[in-house]
Amino acid sequence: MSELEFIPPAKPIIGQDERDAVDRVLATGMLAQGPEVKAFEEEFSKVLLDGRAAVAVNSGTSGLHLGLAASGIGRGDEVIVPAFTFAATGNAVALTGATPVFADIDPDTFCLDPKSVESLITDKTKAIMPVHLYGHPADMVAFEALAQKHGLMLFEDAAQAHGAAIDGRKVGTFGTFAMFSLYPTKNMTSGEGGMVSTGDAEVERRLRLLRNQGMEVQYQNELVGYNNRMTDIHAAIGRVQLTKVGEWTEVRRRNAAFLDAHLQGVKTPKIAEGAEHVYHQYTVRLEGFSVADRDAFGKELKERFAVGSGVYYPVPTNELPSFHQPADLPETAKATHEVLSLPVHPSLTQEHLDRIVEAVNTVAGAGA
Ligand SMILES: *Cc1c(COP(=O)(O)O)cnc(C)c1O
């Protein structure tokens, strides 16, 4: 089957509209943060945040870092985060000088487990930062109650969840701040970039200061800040993508529904009641698999059927050499062995979907 076209696990869609938008900005000669960034913030707020303020930055990681700093997180503070996520979640906490405390996940949604979080609250805990992993919203209703009960702030890592919602309420409108990544493999992109949402005017002001050397008025720096600005070139790409992300999400959902209906021998994604999933990843569970068996499964999909797949994430953040923070997280450990993400992106054709199903069902049947 070597003539089969490879189906990549992710594929950014960049078309003529994005190219034209970049050209338009280049033609003006004004490339740094300017009118395109301002327009992108306003449009993102309308389309994805029900009007909540949005502040554009140069990456999702910068967005988390500035959101935490603008919320007053720093040395001596603890922020509870999942270990089963991309390292940026914990990194951003550590970069402020605070300590990330790693909690376990719910085995059905792969998102942070409120019970595990509550067991880790100390007098140093300042905030909880769930991740809407794979595009499935974390249990924000439970986290709002928990934050209120213990007097904590609530933040959202919405890097993978543009447009996800709970009972019609969009992610990015729950926490003091939320961050959306605009990296090329995410549900929409600006090349590199991030968008931070906040409903708190003081946090918004500090975000705007921190991203630009602490300046609102040029050379009147009010605080020590960073250069985390987005360029107008990136914003122009993001503005075009924003007009398409809703339609792409619908295609992701249709692709997911097809896989749900046809895959056999693997555990397909569960959706919590009231949750609106945006399928950044379509992640199945290979129950009882070891790391070696799961990796062999992925290899066979690729070699026999040219179907790409991915493991998000093979190592819990607390076990990375950069952290080395021992923690007892049984569901996280199990997930790192058992998860496999299959292509679900909007560029898939019916032939691709049929091939993914044939590949998974064949390999799962053979391995049983
Ligand atoms: C991608 C991602 C980030 C970081 O975003 P960048 O734009 O790559 O800096 C943070 N958290 C999660 C969960 C992500 O998937």
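**Sheet order and helix packing in the predicted model**

Helix α2 (residues 35-48) lies across β1, β8 (177-181) and β9 (194-198) and runs at about 135 degrees to β1; axes are lines fitted to C-alpha atoms, for helices over the stretch in contact, and angles run from 0 to 180 degrees between N-to-C directions. Helices (H or I, at least four residues) and strands (E, at least two) are DSSP runs numbered from the N terminus. The model is predicted, with local features requiring pLDDT of at least 70 and side-chain atom pairs counted only at pLDDT 80 or more, whereas totals for chains, interfaces and linings use all residues. Residues are numbered from 1 along each chain as its sequence is written, and side-chain values use heavy atoms, with hydrogens and water left out.

An open sheet of mixed pairing is formed by seven strands in the order β1-β9-β8-β5-β4-β2-β3; two strands pair if DSSP finds at least two bridges between them. The edge strands, β1 (53-57) and β3 (99-103), each pair on one side only.

Strand β1 runs antiparallel to β9 and is joined to it by five bridges, with Thr 198 as the bridge partner of Ala 53. Both faces of β1 are covered, with Ala 53, Val 55 and Val 57 buried on one side and Ala 54 and Ala 56 on the other (buried: under 20% relative accessible area, 1.4 Å probe, protein chains only).

Strands β2 (residues 78-82) and β4 (residues 125-128) pair in the parallel sense over three bridges. In helix α4 (residues 88-95), the buried residues include Ala 88, Gly 90 and Val 93. The buried residues of α4 pack against α3 (60-70), β2, β3 and β5 (153-157), contact meaning heavy atoms within 4.5 Å.

Conventions. Buried means under 20% relative accessible area, exposed over 50%, partly exposed in between (1.4 Å probe, protein chains only).
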